[in-house]
Amino acid sequence: MGLKLRFLSWWTPEWFLKRGLNELAFSTVKGLERVLIKEDPKFNNTKLHNTSLKGNLNENRKIMAINHNEIVEIMINSVGREKALNLGREAMFNEGLSLGRKFREMLGVGDSTEDLILAAKILYKILGIEFTVKDINNHQNDVKMIMVVNRCSLSEYYNGDTCRILSAADEGVVQGLNPQIKMNFTERITEGAPCCLATLRPEDENK
């Protein structure tokens, strides 16, 4: 475990959280915009509200979530719901994968499950998300876990379609943090579940 990862898991300064949120917001909004521009050349991103994140963390999360909702709505109106979900999830997974790889190097994340969970907790703290991980398979070298999200600040603003698309970014981030682990959400608060659930399992098992 890298010293930076250990330190930030113990104490994460607000400037790091704000910087991380700005990067996440910029990457995800631009990723969705690229999909829209490709599918609808007439798309004008001035339709969106101001995306400047200059407030406190809670205000910035709300601004980001509102922009996500608006651009997802535009996507659905432009290409249809099913296509928007598929294209949006693909784009967000790739954005998340890139961010995960960047944070893996920045934080010094190793290949252990402990490193992955600590790094994920740091990144989820940026988004106002709290989770626990339950080990459901104790076989050595065959890690199977369930992530349980009990609190998500974004669920206060996201609708079901936006959450389904943006959760693909989370899945990409996890795989970027650890290429051997694949995450897949199975339940979401925005779709009426009491908590979000996601499986964490070895990538080879999904091939």
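Let's start at Asn178, which sits in the loop between H6 and strand S3 (181-187). Helices (H or I, at least four residues) and strands (E, at least two) are DSSP runs, numbered from the N terminus.

A word on what is on screen. This is a predicted model, in which local features need pLDDT of at least 70 and side-chain atom pairs count only at pLDDT 80 or more, while totals for chains, interfaces and linings use all residues. Residues are numbered from 1 along each chain as its sequence is written, and side-chain values use heavy atoms, with hydrogens and water left out.

Back to Asn178. Is Asn178 buried or exposed? Its relative accessibility is 4%, so Asn178 counts as buried. For the cut-offs, buried means under 20% relative accessible area, exposed over 50%, and partly exposed in between (1.4 Å probe, protein chains only).

What does the side chain of Asn178 reach? It reaches the backbone oxygen of Asp111, at 3.2 Å. A polar contact is a pair of N or O atoms within 3.5 Å; within protein, one must be able to donate a hydrogen and the other to accept it, and residues adjacent in sequence count only if both atoms are side-chain atoms.

Set aside neighbours within four places in sequence, and Asn178 is in contact with Arg104, Asp111, Ser112 and Leu116. Contact here means heavy atoms within 4.5 Å.

Keep Leu116 in mind. Leu116 is one of the H5 residues that meet H6.

Now the chain as a whole. There are six helices and four strands. In sequence order, the pattern is α-α-α-α-α-β-β-α-β-β. The chain has 207 residues, and 48% are buried. Take the contacts between residues at least 6 apart in sequence: 65% of them join residues at least 24 apart.

On to helix pairs. Two packed helices are described by the angle between their axes and the distance between the axes. Axes are lines fitted to C-alpha atoms, for helices over the stretch in contact, and angles run from 0 to 180 degrees between N-to-C directions.

First pair: H5 and H6. H5 covers residues 113-127 and H6 covers residues 160-177. Their axes come within 10 Å and cross at roughly 140°. That makes H5 oblique to H6. Angles under 35 degrees count as roughly parallel, over 145 as roughly antiparallel, 65 to 115 as roughly perpendicular, and the rest as oblique.

Which residues meet? From H5, we have Leu116, Ala119, Ala120, Leu123 and Tyr124. From H6, we have Asp170, Val173, Val174 and Leu177. By class, this contact of H5 with H6 has eight nonpolar, no polar and one charged residues. Ala, Val, Leu, Ile, Met, Phe, Trp, Tyr, Cys and Pro count as nonpolar, Asp, Glu, Lys and Arg as charged, and the others, Gly among them, as polar.

The axes of H3 and H6 come within 9 Å and cross at roughly 100°. H3 and H6 are therefore roughly perpendicular to each other. On the H3 side are His68, Asn69, Val72 and Ile76. On the H6 side are Asp161, Thr162, Ile165 and Leu166. The contact of H3 with H6 divides into four nonpolar, three polar and one charged.

Two residues from that pair deserve a look. His68 lies in helix H3, residues 57-79. His68 is buried, at 1% relative accessible area. Beyond four places in sequence, His68 touches Thr28, Val29, Leu32, Tyr158, Thr162 and Leu166.

Leu166 lies in H6 and is buried, at 6%. Which residues does Leu166 touch, not counting those up to four places away in sequence? They are Thr28, Leu32, His68, Met92 and Tyr158. Leu166 and Glu90 are 76 residues apart in sequence, yet 9.9 Å apart C-alpha to C-alpha.

Next, helix H4, residues 81-107, where we find Ala91. Ala91 is buried, with a relative accessible area of 13%. Not counting residues up to four places away, Ala91 touches Gly31 and Val35. Ala91 and Gly31 are 60 residues apart along the chain, with their C-alpha atoms separated by 6.2 Å.

Last stop: Ile189, in the loop between S3 and strand S4 (196-202). Ile189 is partly exposed, at 22% relative accessible area. For Ile189 and Cys152, 37 residues apart along the chain, the C-alpha separation is 8.3 Å.
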